[in-house]
Amino acid sequence: MTDENLVRTPLYERHQQLGAKLIPFAGYEMPVQYTGIIAEHNAVRQQAGLFDLGHMGQVDVSGPQALDYLQRITTNDVSQLVPGQAHYSMLPNPEGGVIDDILIYRRPGGDGYMVVINASNHARDVAWMKQQEAALGLNAGVRDISDETGMIAIQGPNAVAITKTLTTDPIESIPYYAWDKATVAGVPVMIARTGYTGEDGFEIYPPIDEATTVWDALMAAGADKGLQPIGLGARDTLRLEARMPLYGQELSDTISPIEAGLGWAVKLDKGDFIGRDRIAAVKAQGPRRKAVGFRTVGRSGAPRTHYPVGVNGSPVGEVTSGAFSPTLGENIGLALIAAESAGVGKPLQVEIRGKWIDAEQIKMPFYKRPGA
Amino acid sequence: MSNPSDLKYTRTHEWVRLENGVATVGMTDYAQGELGDITYLELPDPGTSVSATEPFGVVESVKAASDIYAPVNGEVVETNDAAVGSPDVINSSPYEGAWLIKVKLDGDGGGELMSADEYAKYLEEVAH
């Protein structure tokens, strides 16, 4: 079953050869699993996994007023980024909600930035960014470079060692949340110490025409180090255990970053930015809703997105993400609930198929890698 | 994996073994493959009445929850507690270890069941 309208990444044939189950995702035909979600999840936690992230979008922002512009359209303080450094941030809307969550990388030479955006928001992010560039009257040089940029992630305890066999550049010295130029498998790439799994590893940006070269070389180099290809299914359970937000679930146009627990990526004192006053008001008054983490108590099905959450049978919010956690062997979830009901140790119930199931609010992240 | 020829099948991907007025019910290999890693199984208590084409239980994989449908009319007389405890047996042994319930048939049990050959043809249609 293929849909003619779906976009395929350069690695599509590799996924077919590897026996992936392909599904439509954000307009792309992407692998959801190869061997099975749990085995793939465990491979990343214990050895290493390789991800085709060709659906993600990249926007170059390297005009003369790029810094001023990014300060106005994002929540984090871009002036704090030294050349080669990256940070997590958000594109706020004027109402204080979130258009998308993003990564901003400052180029190692200091000359401009690359913004990585979610596949599901690609078109509207680019339209918004261009519209704001015009509205602010700043020459930021906003340019969608997704069609020329490949994206592959390698994550897990063996990820650095595997990648190291394909380069003479000192990639192991790249700090967490930084990137640099390197030659990997003979291909000139940008290589970032970032990821969406809670493990060490890299996100690699080769020229799109050379994505298969990098993929094939990594697969071969990792064959004796437990490297497995990983689909979107395990990508979701990995990021949930690491309590990394997913846009459309933990974040939306109508959820404040403060409610979502992402106030650390909002710098109210950096100067004016879109939605600043609204976000500041939520922070000053205290959020009415809070994002919490929980586990279910006893045997039950898994909590899932939009399942109602209650206390003593009264609704207090809903599940934003939930799953059986392969690492913990129990059901975990994130919920957005009334602030007065939030607190580690406080009880909750989740409604699963018409029955209230007991849950307990627990500390996040649910999983932290040893030594991190 | 081929579908055993001595079983009957439903359009909702359950299998049935009919013996002496009792139907043993499970999920087909195709069903477990589509669901992926199975993490949870919920079955009715013995004594519960089930009706053909109505849900009698729930199975969950990492990605989703799905109903399991009764192939026949009758009363549950036994459930597979081992499968409830280790639901991944549905992935590893859909036709042997992972029988789910035994149903004492109400009359001839009703239900619209397919032979293995008919089910194989049905799967070809589903896949296209």
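In strand β8 of chain A, the bridge partner of A:V59 is A:D144, where strands are DSSP runs of E of at least two residues and helices are runs of H or I of at least four, both numbered from the N terminus. The model is a predicted one, in which local features need pLDDT of at least 70 and side-chain atom pairs count only at pLDDT 80 or more, whereas totals for chains, interfaces and linings use all residues. Residues are numbered from 1 along each chain as its sequence is written, while chains are lettered from A and ligands numbered from 1 in the order in which they are written.

Strand β4 (residues 57-61) of chain A is joined to β8(A) by three bridges, and the two run antiparallel; strands are said to pair if DSSP finds at least two bridges between them. Both belong to an open, antiparallel sheet of five strands in the order β5-β6-β7-β4-β8 of chain A. At its edges lie β5 (86-92) and β8 (142-144) of chain A, each of which pairs on one side only. Helix α3 (residues 66-73) of chain A lies across β4, β5, β6 (98-106) and β7 (113-117) of chain A, and runs at about 130° to β4(A), with axes fitted to C-alpha atoms, for helices over the stretch in contact, and angles taken from 0 to 180 degrees between N-to-C directions.

Chain A also meets chain B: 11 residues of chain A are in contact with 10 residues of chain B, contact requiring that the C-beta atoms, placed from the backbone, lie within 7 Å. On the chain A side, α2 (37-46), α7 (232-241) and β16 (314-325) each supply at least two residues.

Chain B itself has four helices and nine strands, which follow the pattern β-β-β-α-β-β-β-β-β-α-α-β-α along the sequence. Its C-alpha trace spans about 35 × 30 × 20 Å along the principal axes.

Strand β1 (residues 8-9) of chain B pairs with strand β2 (residues 14-19) of chain B in the antiparallel sense over two bridges, and B:K8 stands opposite B:V16 in β2(B). These two strands form a hairpin with four residues between them, in whose turn B:H13 has a positive phi of about 70°. Six bridges then join β2(B) to the antiparallel strand β3 (residues 22-27) of chain B, where B:M27 is the bridge partner of B:E14. In this hairpin two residues lie between β2(B) and β3(B), and B:N20 in the turn has a positive phi of about 50°.

Conventions:
Two residues are in contact if their C-beta atoms, placed from the backbone, lie within 7 Å.
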